[in-house]
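Q: Could you walk me through this one, starting with how the residues are classed before we get to the particulars?

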Amino acid sequence: MKDGQSLIEDKLNSAKYKKVLKANFLKPATLIPILLLAFIAGCAIFAPILAPTNPYDLAIVSIMDSRLAPGEVMFNGTVAWLGTDGAGRDVLSAIIYGLRTSLIVALTSAAIALTVGIVVGLIAAFYGGKIDAFLMRIVDIQLSFPAILIALVLLALLGKGIDKVIIALAIVQWALYARTVRATAIVERRKEYIEAASTLGLNNFRIIVKHLLPNSISPLIVLATLQTAHSISIEATLSFLGVGVPITEPSLGSLISNGFDFILSGAYWITFFPGIMLLATVAAINVFGDQLRTILNPRLSK
Amino acid sequence: MTDLLDIKKMSVSFQTEYETIDAVRNVSITLRPGEVLGIVGESGAGKSTIGNAIVNLLEPPGEITRGEILFKGQDLRNLDDKQMRDVRGKKIGMIFQDPQTSLNPLMTIGAQLIETINKTINIYGSEATNKAIELLESVGIDESEARLNLYPHQFSGGMRQRVVIALALAGNPDLIIADEPTTALDVSIQAQILDLIKRLCQERQVGVIIITHDIGVIANISDRVTVMFNGQAVESGDVKQILTNPKHEYTKSLIAAVPRGDRKVERFKSIDYIEGGAQTQRRIDLDQHWLGKKFTQHFSDTAISINNLNKKYSLKKAFLKRNRSYVHAVKDVSLSIKKGEIFGLVGESGSGKSTIARLVAGLVRTDKGSIKLFDQEVTNKSKGKDVIAARRNLQMIFQDPYSSLNARMRVQDIVSEPINYYKTASTNMEMRQIVRDLLDHVGLGSNAMLKYPHQFSGGQRQRISIARALASRPKILICDEPTSALDVSVQAHILNLLKDLQDDLGLTILFISHDLPVIRQMCDRVAVMRHGSICEIATTDSLFEKPQHEYSKHLLELMPKTDF
């Protein structure tokens, strides 16, 4: 029985929800990260157009340009606004291309991990019992090791390369998604619309895909956003430790690591600017994720 | 005698940036000591808001915009927060709906009572303990001294509600406000609690306001009644007079919608004042209609036959067998339901009636025994052509209309899912046409097709559920408490709809309810269940006129009287 009070609450909530939704999108805390992320994504997508030079093109990289300070003019006449690194590559161009690598790695690994996590989580929640216990113990084992340790071991086994990093990051992340999906799906599983679907005689696959899945994934939106930021920094860490992407296709992490050798000799810019970019990206995604959580769950905003 | 409480033209509204919701408009109420006033109305009528407004516990942004609340001559609206707190504990006691949540699970009953006694009447130590024991005894809890040390979860629902009443009485209040005090309880316990409230009211000369949706409760306990509709008090007066001779149209439809326990009526009449559900319901001609297309095949005369059915749920799992413990939810149940019959299962909560429904629907596995649908064995089988065909003949309507529809699907997709899955329509056009037609038949209209479930009220959602069930062209419908989450007028509409569909389609219905009057109105035969076994199976009339089993007699005595 829904009493009068809760009916009124429902009405207030729907009015409030619209208001909160609008207000949340317009306030600086949401707007700034969104704009920043749009800018970052734009840079990554249009890297070949935006970057002053192509850091992969060995023909134009000249050792003569090695370690130019920000603002100096390179051998071929372009201004290195953020300086050059030890090999004579323009740091600004390297950052723009590096952003590309970092985002591709983070997003692809997130997509793979999400898919695996959702499948495992839904199967565990739907079938329950022994299947659930088995899958969740694997998740437990996975989550009991630090992500960076697993990634290091995997990369030591797999070797270098962007694809290897993506695989490693996906393996590190799927368990978290699986557990989150399972938690929601187990609640949804017991609701009567699922029982109704099985009395209609639908097969399990259809029930899982059409009924359980759409009702279980909303908590993942926020988690996936925050997790993307996390995997960008894991990738950067791995690259910094020298097991990530190869130096010929620099990511933000390998740029930072690359410049680290020169930081004591005063060439701070090789590490500093990629570092700032990494910080900005991760922070923007995190703040956006937090705001998204507020928007999707207005009760928290009280 | 002076009035204990005198509310004069009170209005309460909830102000938001977009709209102002007037939850209560110009309501006047008076109450004398020793009198029970019932406030009755349906969801959203504003009855709970009145209760909360009296003790100034309105949730923001609710506020009293006009009127006076005179309590013993003093206007409660003029008190500050601290004075109001004193009034709440010492002068006005509250009893809430759910005894599960209104007691603190981490404190013993005694500690909660003594705390309240300390605060309200300032006595401490052994004196307070004695007072607590005395209070528990006055609400009918024996061995109360030993029970002071128990926690709320060690009490049953009815006992907990008694404790809540004891808490409300702790400060010797002059007024008790009870908001749906028995809604969460079984009938047998409801009767005891109502008797208790009535007795305490007379003994202690306190005024009681009972807020409820249940006319039966009002008829049993209150002296006067105020009928609320849409924020307004449409009618007030003596209970007998209002129930037998209602003046206002709304009161008339409300009373007409209450299922009677004493005799069977064909349909609920003149209930159109509220949800305008009774659109022109066309009759379905099975020879012409899509729903009838598959009905030509031969079916045996027994729709459902259940033999020696058993189901245990494990309470404690353990590796060793001797450490496991079970609850025997269904014990050796045998029954058979004839084609075209409405068969009722009635019993209190935990009697196993829902478990039977779920076993028959194949939602849980059977431990022992067999279930046949039209002579096709379906026990624990989900595969095989014959089994699937037999299962498709059976559909289920669930209790909670809020969780039985997938919130992410449009009504059109919800209803068309079985048609789509079994390819019972040749084109999309035809499918949409069928969905439109089904929605018409359940009284929703085709403009519901593109909406999502949350845009509908509970009764409308139940209609969608029914349309979905019909879309797989069932022969058997299991209705598990289909109306217990609905308002009484909406319930009347849904019950009428089910009856009409049963008439038109010749459905066999297994109807499960705890509500005896509803069973009386709906069913041809009834099985009374208790602790997982069947006490008695009889035709509805003979059960209600001449019950054979002790337990059936007991249940019938407790049935709220509706012969007003």
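This is a predicted model: local features need pLDDT of at least 70, side-chain atom pairs count only at pLDDT 80 or more; totals for chains, interfaces and linings use all residues.

A: Ala, Val, Leu, Ile, Met, Phe, Trp, Tyr, Cys and Pro count as nonpolar, Asp, Glu, Lys and Arg as charged, and the others, Gly among them, as polar. Residues are numbered from 1 along each chain as its sequence is written, and chains are lettered from A in the order in which they are written.

Q: What classes of residue make up the lining of the second largest pocket?

A: Its lining has 16 nonpolar, 12 polar and 11 charged residues. A pocket here is an open set of points on a 1 Å grid over the protein atoms alone, where a 1.4 Å probe fits, with protein on both sides within 12 Å along at least five of seven lines, and lining residues have an atom within 4 Å of a point.

Q: Which residues are closest to its centre?

A: Those are Arg189(A), Gly362(B), Leu363(B), Val364(B) and Arg365(B).

Q: And which element gives the most to that lining?

A: That is β11(B), with 4 residues, strands being DSSP runs of E of at least two residues and helices runs of H or I of at least four, numbered from the N terminus.

Q: Switching topic, how confident is the predictor in chain B?

A: Chain B averages a pLDDT of 85, and 94% of the residues score at least 70. For the complex, the predictor gives an ipTM of 0.75 and a pTM of 0.79.

How values were computed: Side-chain values use heavy atoms; hydrogens and water are left out. pLDDT is the predictor's confidence in each residue, from 0 to 100.
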